[in-house]
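Student: I have a model open and some questions about it. Can we go through it residue by residue, then look at the helices and the metals?
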Amino acid sequence: LRGREGDARFERQIYVMGTLVTITLRAPHREDEDLATLVSSVESELNRFQQRWSPQGSGALAQLNQTLADNPGATVPEGLRPLLAAAKSVADDSQGTFDPGLGALVQLWGFDDPEHFRETPPPDAELAAALQRPHRLARAQLTADRLEVGAPGLMLDFGAMAKGAAVGAALQQLRDAGIEHAMVNAGGDLQVIGHAESRPWRIAVRHPRPPEEAPRLLVALELEDGESVFTSGDYERYFEHAGRRYHHVLDPRSGEPSTGAQSSTVVHGDPALADALATALFVGGPDQFHALVDEFALKYAMLVDADGRIHATPGFRHRAQWLTDVQFAPDP
Ligand code: ADP
Ligand code: MG
Ligand code: MG
């Protein structure tokens, strides 16, 4: 959208990884044609990324999953190693809240597959059987090139971290192409570099239970160069059954959707970590909020608990521009 109040923005939307991704560039001295070509190459990169990290299909992660289905261990292809190591380290330290090993449980609940979206929880016996299989990356051993689970049946699913890594890869590609000011926004999860004209990029986080006729947004933040903001919530993929909301973020300890929170938001310089830790905080709920914030030394994090009350780090409170009335949980 060039020419808006002199703020020469170039904006394109691409559909990748099941999400509409908006790429906004501020590069007034570059031709639109150049920028369009750049966005296309980002799109190709994100498509390759999606292929590599899909738990099913023919990509590298899917192949690793096929090996692990019948074997207690596997050699990890090089392209998967850095992110797998990062995920393992978050899983190890997440106090049971984050674990990409629960792919079979994700599949059982059916949230990953719009065509087989179910409206009732899986039968108890199937849930118990899935929990009998290996489903914790935190309990596996990862060396430089091998993952040793100890028994066959682990299925990896990077749904809670891959979007963050993808956003980071996209922004890095823009940086490498000489772009200094940009935002990559994947359905509200985003990272920025530089700033918007004369002020910082300003973004808003969705309200998990927007009051009727009120803004659908909860809080706005101004972002510094390189910061990313990731949110996990129970409002995107869910069904209701017998008065309970079943959403797509599972507690690895129970194999069932977590119950402590409506949403959680993390601001961090590393978007893959922001994504993973938003999921960890979401599952941990109010009981584990402060322990997880300390464990991962998070400066900017917020949780909306099941009662709609806000838990936030002092740093987050300091920066937050609340867009609606909010009620804070008492300090612990
Ligand atoms: P979003 O779908 O908005 O990106 P998350 O980042 O929280 O939400 O990721 C949720 C996805 O991660 C699920 O769809 C599933 O594939 C996977 N997942 C669910 N629960 C967990 C968990 N406790 N730890 C790691 N991955 C999870
Ligand atoms: Mg996440
Ligand atoms: Mg996410």
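Tutor: Start with Asp145: its relative accessibility is 33%, so Asp145 is partly exposed. That label covers values between buried (under 20% relative accessible area) and exposed (over 50%), with a 1.4 Å probe and protein chains only.

Student: What should I know about the model and the numbering first?
Tutor: This is a predicted model, where local features need pLDDT of at least 70, side-chain atom pairs count only at pLDDT 80 or more, and totals for chains, interfaces and linings use all residues. Residues are numbered from 1 along each chain as its sequence is written, chains are lettered from A and ligands numbered from 1 in the order written, and side-chain values use heavy atoms, without hydrogens and water.

Student: Back to Asp145. Where is it placed?
Tutor: Asp145 is in the loop between strand E4 (141–142) and strand E5 (146–148). Strands (E, at least two residues) and helices (H or I, at least four) are DSSP runs, numbered from the N terminus.

Student: And what is Asp145 in contact with, beyond its neighbours within four places in sequence?
Tutor: Ala74, Thr75, Val76 and Arg81. Contact means heavy atoms within 4.5 Å. Ala74 is 71 residues from Asp145 in sequence, yet their C-alpha atoms are 8.6 Å apart.

Student: New topic. How do H1 and H6 pack?
Tutor: H1 (residues 32–53) and H6 (residues 162–176) pack at about 150°, with axes 10 Å apart. The axes are lines fitted to C-alpha atoms over the stretch in contact, and angles run from 0 to 180 degrees between N-to-C directions. The two helices are therefore roughly antiparallel, a term for angles over 145 degrees.

Student: Which residues make that contact?
Tutor: From H1, Leu38, Ser41, Val42, Glu45, Leu46, Phe49 and Trp53; from H6, Ala162, Ala165, Ala166, Ala170, Gln173 and Leu174.

Student: Now the metals. What are the protein donors of the magnesium ion (ligand 2)?
Tutor: Ala160 (O), Asp275 (O), Asp275 (OD) and Thr279 (OG1), at 2.0 to 2.6 Å. Donors are N, O and S atoms within 2.8 Å of the metal (3.2 Å for Na, K and Ca); water is not among the atoms, so sites may look incomplete. The magnesium ion (ligand 3) is 3.4 Å from the magnesium ion (ligand 2).

Student: Are Asp275 and Thr279 buried or exposed?
Tutor: Both are buried. They are four residues apart in helix H7 (residues 271–295), so about one helical turn separates them.

Student: Last one: where is His318?
Tutor: In helix H8 (residues 314–319). His318 is exposed, at 73% relative accessible area.

Key. Angles under 35 degrees count as roughly parallel, over 145 as roughly antiparallel, 65 to 115 as roughly perpendicular and the rest as oblique.
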